[in-house]
Amino acid sequence: MLSEVEANNEQRTTNNEQRNIMKLNIALLAGDGIGPEVIEQAVKVSNAIASKFNHEINWTPALTGAAAIDAVGEPYPDETHAICEAADAVLFGAIGHPRFDNDPSAKVRPEQGLLKMRQKLELFANVRPTFTFPSLIDKSPLKRERIEGTDLIFLRELTGGIYFGERGRLNANETAFDTCTYHRNEVKRLAKKGFELAMKRSKKLCCVDKANVLETSRLWRETVQAMEKDYPEVAVSYEFVDAVAMRLVQWPNAYDVLITENLFGDILTDEASVISGSMGLMPSASVGEKAKLYEPIHGSYPQAAGKDIANPLATILSAAMMFEDFDLTDEAKAIRDVVNKSLSEGIVTEDLADGGKAYKTSEVGDWLAANV
Ligand code: IPM
Ligand code: MN
């Protein structure tokens, strides 16, 4: 996929400076709940960036989640997979619907679509940053002095572990089991991304596990330890997941890059996401060797669906991560800058309004698109 993008690039000289002009094909999976509303704003802002920097973006919408179950009986249809595979990247909204949450016997569930998509696109590394915005620091449930300067990134393994292990029922349905399995190579490829990211940042890597109890964790630890010699500059620490859960709210700025397995990463990244002050702010990327997907960390927030009140910033910042991964650094920065501007000027949705004027989702999107 990347080579196609590269092939589409032309070099052009603007203001005495070499710039990449890109033609990007992006699959657009809006999904459920507030997904479509927040995705619409990310498209607005991305299109504004594209016209400012002379890129061309072709968006191809595709069905996923409960919306896809309703339309074709399946949360990640083959047609959607084909569109994602053919695209340079996927921009994803949210998945999930309360009508399935309260029905444990439902045979087809929206979340299965997400898991199938991760597996079929081999998105083994989930990149989830947590950072603070100076203008929002007092909105965090944690004290200012504890969180100032927090800028950490979780790399969560996304296609293995207990999410994809054998599961079932025994004893006439009275016993249930889920199994957690990892192959050394699954650990290696995730850890490699962790070391590489650490090299680009402060050269600190924390491997989060439960090696005092779990065999899979001992495999993680042993694999990461064996890789240390290839990255002599990286200081690696090994910490138990329960301790990390605690330190994350005590001194989050002690961490930089953290790597962990699927379920630990699911839990810790939700915990970390509230440090910034709103769930609606944190973006994410899921990447593998052949595909890239960008999505907000928040879920489908069904109570707000269709009300034009959801915070679109996490999705817009996910689009910034997408530009960054195409090496469009100025474009990514332009998005982050305008987001910061909107926050300091109070052009915010109700979750951040704090007694001030609450702007609609679409108004925030319009303002950002007009100001990039
Ligand atoms: C996430 C979500 C998913 C997960 C659910 C919806 C299956 O919580 O992306 O973190 O557990 O991975
Ligand atoms: Mn989660």
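**A tour around ligand 1**

Start with ligand 1: it lies between domain 1 (22-129 + 279-372) and domain 2 (141-171 + 178-276), because both give residues to its shell. Those bounds come from an automatic or database domain assignment. This is a predicted model: local features need pLDDT of at least 70, side-chain atom pairs count only at pLDDT 80 or more, and totals for chains, interfaces and linings use all residues. Residues are numbered from 1 along each chain as its sequence is written, and side-chain values use heavy atoms, without hydrogens and water.

Next, select the shell (a heavy atom within 4 Å): Glu111, Leu114, Arg118, Arg128, Arg156, Tyr163 and Asp266. Five are charged, two nonpolar (Tyr counts here) and none polar.

Now show helix H6, residues 110-120 (a DSSP run of H or I, at least four residues). Helix H6 gives the largest share of the shell, three residues.

Then display polar contacts (N or O pairs within 3.5 Å).

- Tyr163, polar side-chain atom: 2.5 Å.
- Arg156, side-chain N or O: 2.8 Å.
- Arg128, side-chain N or O: 3.0 Å.

Key:
Chains lettered and ligands numbered in written order. Polar contact = N/O pair within 3.5 Å; in protein donor to acceptor, adjacent residues only side chain to side chain. Helix = DSSP H or I, 4+ residues; strand = E, 2+ residues; numbered from the N terminus.
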